[in-house]
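This report goes through one protein model, section by section. Please keep the sequence and the structure in view while reading.

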Amino acid sequence: MVNGKKRCKERVATNSLMPSSKRPRFDGNERRLSRFYEPLVLLYTLGRTRGEHTRDITCNGTEFSNLSRKHLIRKFLCSLAYVCDYAKGGDTVTAIGLESKPHGHTFWIASNNNKTTKTVPFLEVLLAGMHQVSVEATMIAPGQVEDLAAKCIDFAAPRIKAYRSHLKPVLRRCLNHLDDQDHDDNEARDLSEWLQNWNDERDPKDLCRFSYRERKSDFMQLVARLGTEPSYRSNKDAIYHAFSSVRHYIGRLGHHFRVANDLLTCASRLSDILYGFEVQSVPIPTRSTIPPADGKTTLDSVVSRMLPSQSPDVERYQYNLAEMDTKYELSRRFLDNYRDPNLKPRVHAEIQVLEHFHMDSLRFADGNPFIACSKPACFCCLLYFRAHPGHFVEPTSHQKIYLNWRPPDLDARMGIIGEHHQRDILNVMTEASGRSMRKFRHTPGILIR
Ligand SMILES: [Zn+2]
């Protein structure tokens, strides 16, 4: 297996987007990066989510037998990415691209924290096992699902542990609430007894299996009903929030069994992909920092750079932002975001895979330019996919802004990408986030986090 570090050194030579020791706006790249981050940091200050959560309507809820080969491969890769993302939070977010070669397929893998030393061998074992099953059996046996789920649950021990610890306090609230109900309330008593299953110190695999089996039970439907937002106005401590969270975490705990089932179902129809496969890590990107705020990082000058020159809107936006500054200390919050000491920018996993395929002109399996990711894309990754000339399949997105997002440092000298590849993408992205900024309506409360 090759982890690509050697090639990475060749590729990243220019560090074209790395901040220099000079003032940030001294050269074109620094200036472009500063201008890219300005509307982004401002948008983040105004509210971290920039739109509705987008979903893949083709793969979700469609019977496997009705999925085309293209969508089957997508489903398979998404499920693989999910089981590789072994911890809760953003560090282990995993992206996978499938390359087609004359003698087999390569699963290219990347993670947000650039650590794939555990994931690559795990994926190799998993895929080899699935290949065996797909060759030997025409029907998937429950024992095979059990076996695969157990491997995935073992690997994702930190994730399962996190779900359990998140479940604990909300479960306690629900149990206390049910205890307070009328003693003749059989429904409350039975539900309380059923919920105790998650209070016991069960083995993680048992708990996950039980959560999966119970996902459609009457008790689960009752929890869903109690977790529905009431039509009357309620506060943030209302009990339905607790029931809703309990339902969510039970669903999460059962999810590995569902994914194991999905993986084997897909694998049984994709045995050609698993024949002679390889797993490789995408070359690790170099580290860089976000250009610091400087004398030009003020609300007024950001607006004048975001809008076309001579725009009649400049004054109006400056006035609105000044008003928000007075009310909500917008300037201070805006600059505080630049000074966050925990800000360690990184190239998100799906962008690493995207540029790896693009830079090396790799062929996607079945000509399907799809990159799977264990989580929906963030706002910047979505913009990056849209702005990229490679026409990759647009990912689903939760449209959240992460300030530690950064574009990859690419070297145009390899001749595969144009001299202005990165500049053009960043310009389109800056334009798009500026448009998103201009759509923002001054609503009191949005700023308060
Ligand atoms: Zn992202």
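How far does helix α13 reach from its first C-alpha to its last?

## Helix α13

Helix α13 covers residues 314-328, 15 residues in total, and reaches 21 Å from first to last C-alpha. This is close to the 21 Å expected at 1.5 Å a residue, the expected span being 1.5 Å times one less than the number of residues. Helices (H or I, at least four residues) and strands (E, at least two) are DSSP runs numbered from the N terminus.

Tyr317, Leu321 and Met324 are the buried residues of α13. Seen down the helix axis, these buried residues fall within an arc of 55°, so they line one face of α13; the arc is that of the directions from the axis to the C-beta atoms. A residue is buried if 20 or more other C-beta atoms (placed from the backbone) lie within 10 Å of its own, exposed if 12 or fewer, and partly exposed in between. The buried residues of α13 pack against α12 (299-306) and α14 (330-339). The face turned away from the buried side carries exposed residues, among them Glu315, Arg316 and Lys327. Glutamate 329, which follows α13, has a positive phi near 55°.

## Basis and confidence

The model is predicted: local features need pLDDT of at least 70 and side-chain atom pairs count only at pLDDT 80 or more, while totals for chains, interfaces and linings use all residues. Residues are numbered from 1 along each chain as its sequence is written.

Mean pLDDT (the predictor's confidence in each residue, from 0 to 100) is 84, and 85% of residues reach 70 or more. Over residues 1-22 the pLDDT is below 50, and over residues 442-449 it stays under 50. Where pLDDT is low, the predicted coordinates should not be read in detail.

## Nonpolar core

The largest nonpolar core has 104 residues. Such a core is a set of buried Ala, Val, Leu, Ile, Met, Phe, Trp, Tyr and Cys residues joined through C-beta atoms within 7 Å. Leu77, Ala81, Ile96, Val353 and Ala372 have the most contacts inside this core. Helix α10 (residues 239-269) gives the most to the core, with twelve residues.

## Loop residues

Aspartate 366 lies in the loop between α15 (349-359) and β4 (371-373), and its phi is positive, near 60°. With 15 C-beta neighbours inside 10 Å, aspartate 366 counts as partly exposed.

Histidine 391, in the loop between α16 (379-387) and α17 (421-439), has a positive phi near 55°. Histidine 391 is exposed, with 9 other C-beta atoms within 10 Å.

How values were computed:
Contact = placed C-beta atoms within 7 Å.
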